[in-house]
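Hi,

Here is the structure I promised to pass on, followed by some notes on what turned up in it.

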Amino acid sequence: MTFSRNWLSRDSKADVAGVEVGQTAENPGSVPVISINRVSLEYRPAQGPAVLALQDISFEVPQRSVVSVVGPSSCGKTTLLKLASRVLKPTAGSILIDGIP
């Protein structure tokens with residue numbers, strides 16, 4: 001899985017809650033970043049005990065960088081991407097994109 005700046009481009013016309021991409025609410029014009037801080041995800045299958053898919057993951061992706069996450073099958077790569085893209089909500093920790101939760 002590769003995180004790319006394409007979906008958080010400064011050239012984008014998109015905005016989140018009135019803050020242009022490339023800025024944070026607290027500091028307009030600051031360097032954008034994806035910040036994953038102590039994120040965990042636990043889910044409950046239809047049968048059986050809860051499954052801890054990710055535990056205590058932390059990293060930051062600065063502006064104009066590319067990050068690749070590699071690992072064996074079923075280690076959580078797709079789950080991490082779904083969390084970063086907000087398809088899933090973490091059961092613990094926080095995810096900030098350009099300083100916005």
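**What I found**

Reading from the N terminus, the elements of the protein chain follow the order β-β-β-β-β-β-α-β. That gives 1 helix and 7 strands. Please keep in mind that this is a predicted model. Of the 101 residues in the protein chain, 27% are buried. Among contacts with a separation of 6 or more, 57% are between residues 24 or more positions apart.

**The sheet**

An open sheet is built from 3 strands in the order S5-S4-S7, with antiparallel pairing. S5 and strand S7 (92-97) are the edge strands; each has a single partner, so one side of each lacks a neighbour in the sheet. From one strand to the next, the twist averages 15°. S4 and S7 run antiparallel and are joined by 5 bridges. Within this part of the model, Ser35 stands opposite Leu96 in S7. H1 packs on the sheet and touches S4, S5 and S7, its direction making about 60° with that of S5.

**The helix**

Which residues of helix H1 are buried? In H1, which covers residues 77-84, they are Thr79, Leu80, Leu83 and Ala84. These four lie on the same side of H1, because the arc they cover around the axis is only 135°. The general rule behind such patterns is that an α-helix has 3.6 residues a turn, so residues three or four places apart point the same way.

Thr79 in helix H1 also reaches other parts of the chain. Leaving aside neighbours within four places in sequence, Thr79 is in contact with Leu41, Ala53, Leu54 and Leu88. Thr79 and Leu41 are 38 residues apart along the chain, yet their C-alpha atoms are separated by 8.4 Å. Just after H1, Arg86 has a positive phi of about 70°, in case you want to check the backbone there.

**The core**

The largest nonpolar core has 10 residues: Ile34, Ile36, Val39, Leu41, Leu54, Val61, Leu80, Leu83, Ala84 and Ile95. Two or more of its residues come from each of S4, strand S5 (51-62) and H1. S4 gives the largest share, 4 residues. As general background, nonpolar side chains tend to be buried together in soluble globular proteins.

Ser40 sits in strand S4 (residues 33-43). Is Ser40 buried or exposed? Its relative accessible area is 12%, and the cut-off for buried is under 20%, so Ser40 counts as buried. Apart from neighbours within four places in sequence, Ser40 is in contact with Leu54, Gln55, Asp56, Pro90, Thr91 and Ala92.

**The salt bridge**

How many salt bridges does the structure hold? There is 1, and the side chains of Asp56 and Arg38 form it, at 3.0 Å from N to O. Asp56 belongs to strand S5 and Arg38 to strand S4, so the pair ties together parts that are 18 residues apart in sequence. In general, side chains of opposite charge can pair when their charged atoms come close. As for accessibility, Asp56 is partly exposed, with a relative accessible area of 40%, whereas Arg38 counts as exposed at 53%.

Happy to talk any of this through.

Best wishes

How values were computed:
Residues numbered from 1 in each chain as written. Predicted model: local features only at pLDDT ≥ 70, side-chain atom pairs only at ≥ 80, totals over all residues. Heavy atoms only, no water. Buried < 20%, exposed > 50% of the residue type's maximum accessible area, 1.4 Å probe, protein only. Arc of directions from axis to C-beta. Contact = heavy atoms within 4.5 Å. Core = buried A, V, L, I, M, F, W, Y, C linked by side-chain atoms within 4.5 Å. Pairing = 2+ DSSP bridges. Axes fitted to C-alpha atoms, helices over the stretch in contact; angles between N-to-C directions. Salt bridge = Lys/Arg side-chain N within 4 Å of Asp/Glu carboxyl O.
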